[in-house]
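Please examine the sequence and the structure shown below. The explanation that follows moves from one side chain to its surroundings, and then to the chain as a whole.

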Amino acid sequence: MLVIYNNQEFNSQTKYGDLYDCVDFYKQPAFDHPLMKNHSSHPQMRPSFVPKWKEARNEVLVENMQLEDGGCPEGTIPIRRWSKDEFIQISQFTKDYVSRLKSNANQQQPGTHFAIVQTNSDPSKVKYYGVKCDFSIYNPHVTPQQYSSAEIIIQNGNDRIQFGWTAGQSHCYNMLCPGFVNVNKRVPIDIATKGTTIRGSTKIWFVSPFVYQDPKTGHWWLLLRNPVTPDIIVGYWPREIFTGLANGATYIAVGGEAYSPPAQPLPAMGNGYYPVEDATLSAFCSGFGVLDANHQQISPKQTVKYADNWHYGVYDREHYENLGRTIFFGGTTM
């Protein structure tokens with residue numbers, strides 16, 4: 001990794017050779033958002049509290065998500081350096097993705113496929129203030145025009161937060177999109193993990209993100225679960241950029257999403273195989289839980305399974321071995 005700050009070079013190398021620049025905290029793209037004009041923030045900003053999630057046994061490998069050598073200097077955050085061709089490609093992909101999403105935020109777009117468990121509670125009576133699910137990490141094969149992701153969706157009206165892991169050039173979730181404020185000098189939003197799960201292996205690589213709304217500020221914070229040390233605070237979506245999500249979420253979904261341009265072959269989802277209820281053979285997220293109005297963890301009861309194509313599937317196990325509530329998902333044309 002090569003990082004540059006105040007004309008000084010800090011040299012180290014990621015496993016994948018990715019380059020990151022250490023950018024002044026106040027110059028990150030988040031502050032380009034038009035609604036962030038009067039937002040007050042600083043590098044040491046932290047949530048007013050961190051929820052207590054019920055433990056489920058898994059080997060969460062948090063180190064996969066961090067830069068080596070301690071990351072960036074204080075007062076800066078890491079942003080990946082793109083080549084000109086990469087930037088053009090990713091910018092166009094982001095533009096196309098946002099265009100599909102904004103055409104109707106509540107309607108599925110052509111070429112996009114889901115295998116998810118989603119809430120179907122009455123939005124006038126039930127709201128959610130956080131969600132957690134520990135994802136097994138896979139690397140499904142996709143073409144340059146496709147993407148495949150394991151994700152959590154939080155929504156209220158037209159406001160939506162999505163996060164998880166992604167295969168392919170889907171970077172509209174990352175630092176190219178203004179609005180998300182990174183406060184962690186060691187954790188980039190788009191770092192490649194150091195390992196992925198092999199189907200059939202008992203060694204499962206996990207990433208354990210969770211997002212919740214701070215009841216004091218209204219910001220939605222992104223943290224990474226860590227069973228050994230305190231949870232890692234990554235950053236937040238400011239309350240100012242939301243209307244609906246400024247006051248909780250009315251919809252939660254967990255599972256897989258995959259996209260391919262219409263008339264092209266269906267993309268792989270999960271680990272590329274239709275799911276079965278076996279953690280060694282299928283992509284999954286475990287320990288699924290949400291925060292209620294008291295910011296206490298519950299397992300949502302008003303949920304339904306949804307898969308839009310028979311090549312994809314999803315299973316919901318309220319209790320799976322010692323992993324808690326577990327959602328299995330995936331599929332392909334194989």
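The side chain of Arg325 reaches the backbone oxygen of Pro300 at 2.5 Å. This is a predicted model. The side chain of Arg325 also makes a polar contact with the side chain of Ser299, at 2.9 Å. Arg325 itself lies in the loop between β18 and β19. Is Arg325 buried or exposed? Its relative accessible area is 5%, and because buried means under 20%, Arg325 counts as buried.

The surroundings of Arg325 can be described by its contacts. Leaving aside neighbours within four places in sequence, Arg325 is in contact with several residues, including Val117, Cys285, Ser286, Gly287 and Phe288. Thr303, Asp316, Arg317 and Glu318 are also among its contacts.

Charge is the next topic. Side chains of opposite charge can pair when their charged atoms come close. Arg325 and Glu318 meet through their side chains in a salt bridge, with 3.7 Å from N to O. The side chain of Glu318 also forms a salt bridge with that of Lys301, again with an N to O distance of 3.7 Å. Glu318 lies in the loop between β18 and β19 (326-331), and Lys301 in the loop between β16 (297-298) and β17 (303-307), so this pair ties together parts that are 17 residues apart in sequence. Glu318 is partly exposed, at a relative accessible area of 29%, while Lys301 is exposed, at 66%. Which residues are linked in a network of salt bridges? The network consists of Lys301, Asp316, Glu318 and Arg325.

Arg317, a contact of Arg325, has a salt bridge with Glu277, at 3.1 Å from N to O. Arg317 belongs to strand β18 (residues 312-317), whereas Glu277 is in the loop between β14 (251-259) and β15 (283-291), so the bridge ties together parts that are 40 residues apart in sequence. Arg317 is partly exposed, with a relative accessible area of 28%, and Glu277 is partly exposed as well, at 37%. A search of the whole structure finds 6 salt bridges.

Cys285 forms a disulfide with Cys133, and their sulfur atoms are 2.3 Å apart. The link is right-handed, with 70° about the S-S bond.

How many disulfides does the structure hold? There are 2. A disulfide also joins Cys22 to Cys72, with an S to S distance of 2.0 Å. Cys22 is in strand β3 (residues 20-24) and Cys72 in the loop between β3 and β4 (76-80), so that distant parts of the chain, 50 residues apart, are linked. The link of Cys22 and Cys72 is left-handed, with -85° about the S-S bond. Cys22 is buried at 4% relative accessibility, and Cys72 is buried at 2%. When the bonded cysteines are numbered in sequence order, the pairing is 1-2, 3-4.

The chain as a whole can now be considered. Its secondary structure comes to 1 helix and 19 strands. Of its 334 residues, 56% count as buried. Among contacts between residues at least 6 apart in sequence, 74% join residues at least 24 apart. The accessible surface comes to about 15,200 Å², and 51% of this surface belongs to carbon and sulfur atoms.

Conventions:
Residues are numbered from 1 along each chain as its sequence is written. This is a predicted model: local features need pLDDT of at least 70, side-chain atom pairs count only at pLDDT 80 or more; totals for chains, interfaces and linings use all residues. Side-chain values use heavy atoms; hydrogens and water are left out. A salt bridge is a side-chain nitrogen of Lys or Arg within 4 Å of a carboxyl oxygen of Asp or Glu. Helices (H or I, at least four residues) and strands (E, at least two) are DSSP runs, numbered from the N terminus. Buried means under 20% relative accessible area, exposed over 50%, partly exposed in between (1.4 Å probe, protein chains only). Contact means heavy atoms within 4.5 Å. Accessible areas come from the Shrake-Rupley method with a 1.4 Å probe; for residues, only the protein chains shown count as cover. A polar contact is a pair of N or O atoms within 3.5 Å; within protein, one must be able to donate a hydrogen and the other to accept it, and residues adjacent in sequence count only if both atoms are side-chain atoms. A disulfide is a pair of cysteine sulfur atoms within 2.5 Å.
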